[in-house]
Amino acid sequence: MVRPDTLESLAHTRARNPAAIAQAAAARRRPPQALDASGTTLIVAADHPARGVLRAGDRPLAMADRGDLLDRVCLALSRPGVDGVLGTPDIVEDLLLLGALDDKVVFGSMNRGGLSGATWELDDRFTAYDAAAIAAMGYQGGKMLARIALDDAPTAGTIEACAHAVSDLARHGLVAMVEPFMSRRVDGRVSNDLSTEAAIRASAIASGLGVTSAYTWLKVPVVADMERVAAASTLPTVLLGGEVAEDQEAMFESWRAALRLPNVIGLVVGRSLLYPPDDDVGAAVDGAVSVLPRARPAEPAASG
């Protein structure tokens with residue numbers, strides 16, 4: 001548990017010895033690759049606060065208590081079958097100082113400037129990690145949000161910035177995890193279109209970003225007709241968790257069905273596991289682990 005004295009220690013370390021963060025990153029035991037031996041992955045997402053998103057389910061400020069959030073993330077990371085974390089520098093660095101990231105995959109969250117509820121929300125500027133920093137810290141990849149609003153001119157800048165980030169990560173041999181949505185404003189607020197057709201279109205657009213797609217993964221919502229969504233690209237695809245679901249079993253079943261698709265390789269889930277309705281983080285995480293098809297068929301031998 002992240003106790004008050006632990007928070008005090010983190011703050012004092014940051015104030016008196018900030019170099020300890022880079023030292024902890026250098027000393028971290030790193031996994032050999034971004035996927036586990038079975039070719040699947042389960043990543044805990046903890047990058048919401050930097051975009052001003054603190055709500056989880058019916059709790060408007062659930063993620064406002066950093067000690068509590070770190071406690072939940074550390075618990076999730078300690079459960080068997082959890083492969084790593086996705087976060088912004090502040091959260092990832094706290095986890096480094098807490099020694100919670102040995103043998104864990106780390107994805108750095110990159111564009112957090114499209115603040116929730118802002119007039120510029122669709123202008124998803126890159127305000128956190130860049131590719132060079134992710135490489136220097138020894139992480140496995142970077143994640144970016146790519147909301148595409150056809151009636152919003154700044155979307156063009158967001159898409160261009162995402163393309164540059166995909167290219168930069170690829171030059172370092174790092175995974176670019178792209179989370180695409182077709183979006184629009186409804187009554188002044190940004191809304192993501194979760195229809196099958198919109199998810200297909202967003203995946204098709206995101207697949208073509210950058211000078212190469214060799215290191216690109218897609219991070220997509222679970223929607224109706226996931227077979228059609230997955231078929232829109234040959235890129236490795238992970239499923240996002242989205243909002244907290246009251247019916248956890250139904251959520252797990254929807255993930256289980258989507259994970260049977262040939263190019264769906266895992267889960268990247270945050271609030272649904274960290275703030276489940278019954279507040280039992282361990283049980284929620286174990287439930288997610290249970291839906292992963294940990295045994296994948298071997299790749300066919302090369303001919304010739």
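A pocket is an open set of points on a 1 Å grid over the protein atoms alone, with protein on both sides within 12 Å along at least five of seven lines, and its lining residues have an atom within 4 Å of a point. A volume is the space filled by probe spheres set on the points, which are joined across faces, edges and corners. The largest pocket holds about 940 Å³ of space. Of the 39 residues that line the largest pocket, Arg 51, Asn 192, Gly 242, Glu 243 and Arg 271 are the closest to its centre.

This is a predicted model, in which local features need pLDDT of at least 70, side-chain atom pairs count only at pLDDT 80 or more, and totals for chains, interfaces and linings use all residues. Residues are numbered from 1 along each chain as its sequence is written, and side-chain values use heavy atoms, with hydrogens and water left out.

**Lining of the largest pocket**

- Helices (H or I, at least four residues) and strands (E, at least two) are DSSP runs, numbered from the N terminus.
- At least two lining residues come from each of β4 (141-148), β5 (175-186), β6 (189-192), α9 (248-258), β9 (264-269) and α10 (271-274).
- The most is given by β6, with 4 residues.
- The lining has 16 nonpolar, 11 polar and 12 charged residues, where Asp, Glu, Lys and Arg count as charged, Ala, Val, Leu, Ile, Met, Phe, Trp, Tyr, Cys and Pro as nonpolar, and the others, Gly among them, as polar.

**Strand β9**

- Because 6 of the 6 residues of β9 are buried, β9 is largely enclosed by the rest of the structure; buried means under 20% relative accessible area (1.4 Å probe, protein chains only).
- Strand β1 (residues 41-46) runs parallel to β9 and is joined to it by 4 bridges, and two strands pair if DSSP finds at least two bridges between them.
- Val 44 stands opposite Val 269 in β9.
- Strand β8 (residues 237-240) also pairs with β9 in the parallel sense, over 4 bridges, with Leu 239 as the bridge partner of Leu 267.

**The cavity**

- A cavity is a set of grid points where a 1.4 Å probe fits but cannot get out.
- The whole structure has 1 cavity of 30 Å³ or more, and the largest cavity holds about 60 Å³ of space.
- Its lining includes Ser 203, Leu 218, Met 226 and Asn 263, and the elements that give two or more residues are β7 and α8 (226-230).
- The lining of the largest cavity has 6 nonpolar, 4 polar and no charged residues.

Note on methods:
Buried < 20%, exposed > 50% of the residue type's maximum accessible area, 1.4 Å probe, protein only.
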